[in-house]
Amino acid sequence: MVIKKAADIPSSEITPKSLYLNRRRFLAGAAIAGAAAATGFGLREIALPTMVAEAGNKIDGVKKSSFSTTENITPYKDVTNYNNYYEFSTDKYEPAGLAKNFRTRPWKVTIDGLVEKKQVLDLDAILKMATPEERIYRHRCVEGWSIVVPWVGFSLSELIKRANPLGKAKFVEFTTVLAPDQMPGQRGHVLEWPYVEGLRMDEATHPLALLCFGMYGEELPNQDGAPLRIVVPWKYGFKSAKAIVRVRFTDKQPNNTWNLSAPNEYGFYSNVNPNVDHPRWSQAKERRLGEFFKRPTLMFNGYGDQVAGLYGGMDLKKNF
């Protein structure tokens with residue numbers, strides 16, 4: 001028998017902390033796992049044994065969206081207690097506590113670059129641009145886990161059209177807040193700060209791309225990207241920039257943070273693609289947060305019918 005060293009084990013294969021801490025539940029579940037596998041039913045774990053996020057202010061006037069998936073929604077307590085948010089911590093269980101007192105008001109967003117209407121917008125002005133919608137989206141992390149979340153926001157295109165981009169603007173760059181006094185993760189050098197992400201213009205204006213300010217009918221919790229983030233459901237989660245303070249239009253492909261940090265692991269496009277492995281683990285399967293068994297990863301995270309046309313003629317293994 002070969003025993004792998006910890007450094008050799010990809011994070012996608014590590015047993016979630018919630019399963020480890022719920023030993024009694026796990027042992028009881030193991031006893032029926034064979035039956036569950038035989039019948040095809042999944043085995044769901046109990047609630048994560050972590051802090052419960054405080055309820056945010058309710059968002060009024062939210063309408064349902066036709067873009068929503070019909071899949072089961074991941075419990076709120078799971079989504080708010082297991083977060084990739086390196087500005088606070090590389091540990092997925094720590095952002096919920098570390099972000100508790102993060103200040104999200106006053107908040108302004110600078111719109112600049114190749115646009116006719118350069119401006120600095122107050123958060124409240126942005127929130128009034130369009131009627132908020134609830135969109136239940138699948139969200140896939142590059143590390144092998146996924147969630148289904150009822151995000152609240154409106155199409156990112158609503159913000160873009162108000163900036164009136166110039167014809168030579170080909171990309172949109174998003175910069176997140178730099179606040180090391182509030183974000184302990186930014187005091188280290190695990191990544192270059194502030195965090196920067198980008199999309200091609202046709203991606204940013206696609207109806208599925210969401211300018212998001214809430215979830216589960218309430219304002220975003222701090223650890224999930226408050227007060228303003230984007231959600232790009234057909235791409236890996238790190239493309240959905242959080243706590244945005246600048247939107248810049250450019251004719252050059254933005255130097256996004258993870259691509260600068262590890263270009264052989266994180267490409268600019270980062271479309272969910274089960275046929276392109278991360279150098280340290282397979283992307284062919286994923287584990288839905290709150291479930292025990294893995295499931296096959298879907299091309300474009302299941303949104304291929306809507307977005308595959310954006311990449312016609314492209315080699316999606318080379319342009320990963």
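Modeller: A charge sits over a ring if NZ of Lys or CZ of Arg is within 6 Å of the ring centre and within 35 degrees of the ring normal. The present structure is a predicted model, in which local features need pLDDT of at least 70, side-chain atom pairs count only at pLDDT 80 or more, and totals for chains, interfaces and linings use all residues. Residues are numbered from 1 along each chain as its sequence is written, and side-chain values use heavy atoms, with hydrogens and water left out.

Biologist: Over the ring of which residue does the charged end of Lys239 sit?

Modeller: Lys242 provides one case of a charge over a ring, lying over the face of Tyr85 at 4.5 Å from the ring centre. For Lys239, the charged end is 4.2 Å from the centre of the ring, and that ring belongs to Phe268.

Biologist: Which residues form a cluster through ring pairs?

Modeller: Rings of Phe, Tyr and Trp (its six-membered ring) pair if their centres lie within 6.5 Å; planes under 30 degrees apart count as stacked, over 60 as edge-to-face and the rest as tilted. The structure holds 16 aromatic pairs. Ring pairs build a cluster from Phe171, Phe268, Tyr269, Phe300 and Tyr311.

Biologist: How many residues apart in sequence are the parts tied together by Tyr76 and Tyr216?

Modeller: The ring centres of Tyr76 and Tyr216 are 5.1 Å apart and the planes stand at 90 degrees, so this pair is edge-to-face. Helices (H or I, at least four residues) and strands (E, at least two) are DSSP runs, numbered from the N terminus. Tyr76 belongs to helix α3 and Tyr216 to the loop between β8 (210-215) and β9 (218-219), so the parts tied together have a sequence separation of 140 residues.

Biologist: Is Tyr311 buried or exposed?

Modeller: Tyr311 forms an edge-to-face pair with Tyr269, at 6.1 Å centre to centre and 90 degrees between the planes. Buried means under 20% relative accessible area, exposed over 50%, and partly exposed in between (1.4 Å probe, protein chains only). Tyr269 counts as buried at 10%. Tyr311 has a relative accessible area of 3%, so Tyr311 is buried.

Biologist: Which residue has a side chain joined to that of Ser65 by a polar contact?

Modeller: Ser65 lies in the loop between β1 (63-64) and α3 (76-79), and Ser65 is buried, with a relative accessible area of 13%. Contact means heavy atoms within 4.5 Å, and residues that Ser65 touches, not counting those up to four places away in sequence, include Glu134 and Arg135. A polar contact is a pair of N or O atoms within 3.5 Å; within protein, one must be able to donate a hydrogen and the other to accept it, and residues adjacent in sequence count only if both atoms are side-chain atoms. At 3.4 Å, the side chain of Ser65 has such a contact with that of Glu133.

Biologist: In which direction, parallel or antiparallel, do β2 and strand β11 run?

Modeller: Two strands pair if DSSP finds at least two bridges between them. Strand β2 (residues 108-113) has four bridges to strand β3 (residues 119-122), and these run antiparallel, with Val109 opposite Leu121. Four bridges also join β2 to strand β11 (residues 244-250), where Thr110 stands opposite Arg246. The direction of β2 and β11 is parallel.

Biologist: How many disulfides does a search of the whole structure find?

Modeller: A disulfide is a pair of cysteine sulfur atoms within 2.5 Å. Cys141 is buried at 8% relative accessible area, and Cys212 is buried at 0%. The number of disulfides found in the whole structure is zero.
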